[in-house]
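Reader: I am new to protein structures and would like to learn how to read one. Could you walk me through it, feature by feature?

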Amino acid sequence: MKKTIINSDQAPKPIGPYNHSVLVGDLLFISGQIPFNQATETLVTTGIEDEAKQVMANLKAILTAAGMTFENVVKATIFLTDMNDFAKVNEIYGSFFQAETAPARECIQVVKLPRNVNVEISMIATK
């Protein structure tokens with residue numbers, strides 16, 4: 001099966017051997033996004049709410065580059081360094097979805113994330 005690489009100039013440039021997303025058939029696999037603002041080339045560190053908003057903006061940019069929206073998302077994984085941030089992140093994350101069509105999801109607490117951020121989210125979407 002053919003894979004198509006889809007990157008967005010509106011999301012942080014990959015800093016390793018990976019791409020923003022890979023389309024295989026009708027499935028789009030989106031790499032985990034951290035709260036880096038590509039426009040200002042700065043890491044958002046002004047609180048978990050701002051971090052979560054930036055992560056979702058990065059994901060939206062990648063979905064848009066693939067011709068999709070959050071309605072196409074079928075699976076999400078949220079990584080948090082502190083599960084006490086769950087309610088705040090969940091509220092922001094939830095504002096991007098309709099409850100009746102929200103994707104499957106898990107939320108995992110981890111010891112550390114790249115660049116010492118507090119949240120990272122990856123997604124799978126379908127056409």
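Predicted model: local features only at pLDDT ≥ 70, side-chain atom pairs only at ≥ 80, totals over all residues.

Reader: Let's start with strands. Which strands does β8 pair with, and how do they run?

Author: Two strands pair if DSSP finds at least two bridges between them. Here β3 and β8 run antiparallel and are joined by 5 bridges. Strand β6 is also antiparallel to β8, with 7 bridges between them.

Reader: Is strand β8 mostly covered or uncovered?

Author: We call a residue buried under 20% relative accessible area, exposed over 50%, and partly exposed in between (1.4 Å probe, protein chains only). Strand β8, residues 119-126, is mostly covered, with 6 of its 8 residues buried.

Reader: Which residues have the most contacts inside the largest nonpolar core?

Author: The general idea is that in soluble globular proteins, nonpolar side chains tend to be buried together. A nonpolar core is a set of buried Ala, Val, Leu, Ile, Met, Phe, Trp, Tyr and Cys residues joined through side-chain atoms within 4.5 Å. In this model the largest such core has 28 residues, and L28, I121 and M123 have the most contacts inside it. The elements giving two or more residues to this core are β3, α1, β6, α2 and β8. Helix α1 gives the most, with 8 residues.

Reader: How many aromatic pairs does the structure hold?

Author: A pair of aromatic rings is described by the distance of the centres and the angle of the planes. Rings of Phe, Tyr and Trp (its six-membered ring) pair if their centres lie within 6.5 Å; planes under 30 degrees apart count as stacked, over 60 as edge-to-face and the rest as tilted. The structure holds 3 aromatic pairs. One of them is F70 with F97, an edge-to-face pair with 5.4 Å centre to centre and 75° between the planes. This pair links distant parts of the chain, 27 residues apart: F70 is in the loop between α1 (48-65) and β6 (73-80), and F97 is in the loop between α2 (86-94) and β7 (104-109). Both F70 and F97 are buried. Ring pairs also link F70, Y93, F96 and F97 into a cluster.

Reader: What should I look for in phi angles?

Author: Most residues other than glycine have a negative phi, and most peptide bonds are trans. E41 is not a glycine, yet its phi is positive, near 55°. You will find E41 in the loop between β4 (36-37) and β5 (42-43).

Reader: Why does E41 count as exposed?

Author: E41 counts as exposed because its relative accessibility is 56%. N116 is another non-glycine residue with a positive phi, of about 60°, and N116 lies in the loop between β7 and β8.

Reader: Is Q54 buried or exposed?

Author: Q54 sits in helix α1 and is buried, because its relative accessible area is 14%.

Reader: Last, which residues lie nearest the centre of the largest pocket?

Author: Rolling a probe the size of a water molecule over the atoms shows where empty space is left. On a 1 Å grid over the protein atoms alone, a pocket is an open set of points where a 1.4 Å probe fits, with protein on both sides within 12 Å along at least five of seven lines; lining residues have an atom within 4 Å of a point. The largest pocket is lined by 15 residues, and P12, K13, I15, Y18 and I34 lie nearest its centre. Strand β3 (residues 27-33) gives the most to this lining, with 3 residues.

Note on methods
Residues numbered from 1 in each chain as written. Heavy atoms only, no water. Helix = DSSP H or I, 4+ residues; strand = E, 2+ residues; numbered from the N terminus.
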